[in-house]
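The reader may wish to keep the sequence and the three-dimensional view at hand.

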Amino acid sequence: MQSLYHHLPCRFLPFCCLAIALICLCACNSSILSAPTEADLSDFGEAVYALDTCQLERELAQIVESDTSNYLSDQAVRQYYARHPQLSGETIPVWFTRLGVSRDADSLLAVLRRQLPRHGLDTVAFFVPQIATDLQVVRQCAFDSLGVDINQLLPRLDYHLSKAYVRYTAGQRFGFMRPVHIFNHLEMKNGSSNYARLFDFDVEAPDYTTSITQMVADERLDYLAASQPGDEMSRILQACMDTATDATVRRTLAVNMERCRWRMKRPSADELQRVVVNLPSQQLWAIGPDSILNMRVCCGATITKTPLLSSAINVVHINPDWIIPTSIVRNEIAHHAGDSSYFARRRYYIVNRSTGDTLRASRVTSEQLMSGRLRVGQHGGAGNSLGRLVFRFPNDFAVYLHDTSNRSAFKRERRTLSHGCIRVEHPLDLALFLLPDIDEWTADRIRISIDRKPLSEEGRRYLREHASEPRPWQLIGYHNVVPHVPVYLIYYTAWPNPKSGEVEYWPDIYGYDKVMAREMQYVLER
């Protein structure tokens, strides 16, 4: 059993100091006291003599072998123990020696008991009841009185402590689920055998190796403490969790706190300007250094969901043509082939992609429209489905923010009705927010081009001088947004209102909360 004394890490120094103090005391008072026994030095008392290295190793090997958990954090711990099958005292065991169980185990247990409920996490998922029971036996030296075999308890306790430590620290730092994989394997594209890409953020993968490295380091409690989420959003939601008693509310807060753990690009107060669209609230927030603009939006229908992403708005288009996506042409327009009045009413036009020739709608067949060789567009201006203003940003989904000719849609409570783009309630206000440095005449050129009254004298003079000319007056076609303004399409069903700071709760319009709760059921409160 000497191997359990060799290479004692610094985390066991308190035990060593106690042993040395006792030895020195006996040496100075040899005439009074006898030399301390191993039972005197060990927290295990007389049970220390029952420790059997071979049995401990067999028990630990059996525990590791019988662990069939598929969770990545558990797999990492299992692999670590499998690589160190012998009780060297330097790497394994992690939490005990013959001198006793490290007081770090009590500290870990205290953190888990205190913090797990504050995050809506289940104590059973982190082995708290088992750890607490085994630690109580150890601290009370109740092995004999309870008929507990120390050689069975210590390996079990060591393994549970390690799994709890890694599961907690890695989970709190990186999240307990893999959003990229889960959301992008959730549903199929319409008419395709491929999955729809719904989540386009780059998320840093969990680092289980560092958690294990820290677990066997002397500063492991510092790493544990530093694993608590410290961002403002997490703190706000945690404060709500501290007072929440309703199970449904706690579950909602828990899944939204999980979203905060994902290491990815997200709205930041460091950004001078930013545009945030929270899909469950169906609202847009344009946040500047001294102003906050809020408006309703319409987002993608449940079968054509708006993707979650971050980008940067780089241009405002005024009265753009709408180049209709091929999927919409095939699903909604092709069966109107040959009906020239249908195309005329909607101001649609048809262009041969290869030659650029404009074709007569009456001579185009549905097969030709379905082929993808023709492009269908809608002339810009009044009545265009995109409205009068479009706000573009780079992305892989051909989605953007835009005005709409269907203004009544904003009166609805549920506004999930688009093909994936975001329709904004007050497009001119958004344009002026994105272009804060333009002069009055440029702003009026935009207003005049979309049939809004100008505010400057120069703009009013232009209207008087051109009153006899036919509309629309196309004074400006686009304006670059410099610097580009970050835009975020996010999904939070519990989210602090950017203006009031009060947490607001919103319906799970795409069912993502349910998906997350299912994926996190192994750690969420029962």
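In which sense, parallel or antiparallel, do strand β6 and strand β11 pair? In this predicted model, strand β6 (residues 309–318) and strand β11 (residues 389–392) pair in the antiparallel sense, over 4 bridges. Within this pairing, valine 315 stands opposite arginine 392 in β11.

Strand β11 also pairs with strand β12 (residues 401–402), in the antiparallel sense and over 2 bridges. Here valine 390 stands opposite histidine 402 in β12.

The backbone provides the next topic. Glutamine 282 has a phi near 55 degrees, a positive value in a residue other than glycine. The residue lies in the loop between β3 (274–278) and β4 (283–287). Is glutamine 282 buried or exposed? Glutamine 282 counts as buried because its relative accessibility is 4%, and the cut-off for buried is under 20%.

Arginine 347 likewise is not a glycine and has a positive phi, of about 60 degrees. Its place is in the loop between α15 (340–345) and β8 (348–352). With a relative accessible area of 31%, arginine 347 is partly exposed.

A further backbone feature concerns a peptide bond. Valine 482 and proline 483 are joined by a cis peptide bond, with omega about -5 degrees. Proline 483 is placed in strand β15, which covers residues 478–490.

How values were computed: Residues numbered from 1 in each chain as written. Predicted model: local features only at pLDDT ≥ 70, side-chain atom pairs only at ≥ 80, totals over all residues. Heavy atoms only, no water. Buried < 20%, exposed > 50% of the residue type's maximum accessible area, 1.4 Å probe, protein only. Pairing = 2+ DSSP bridges.
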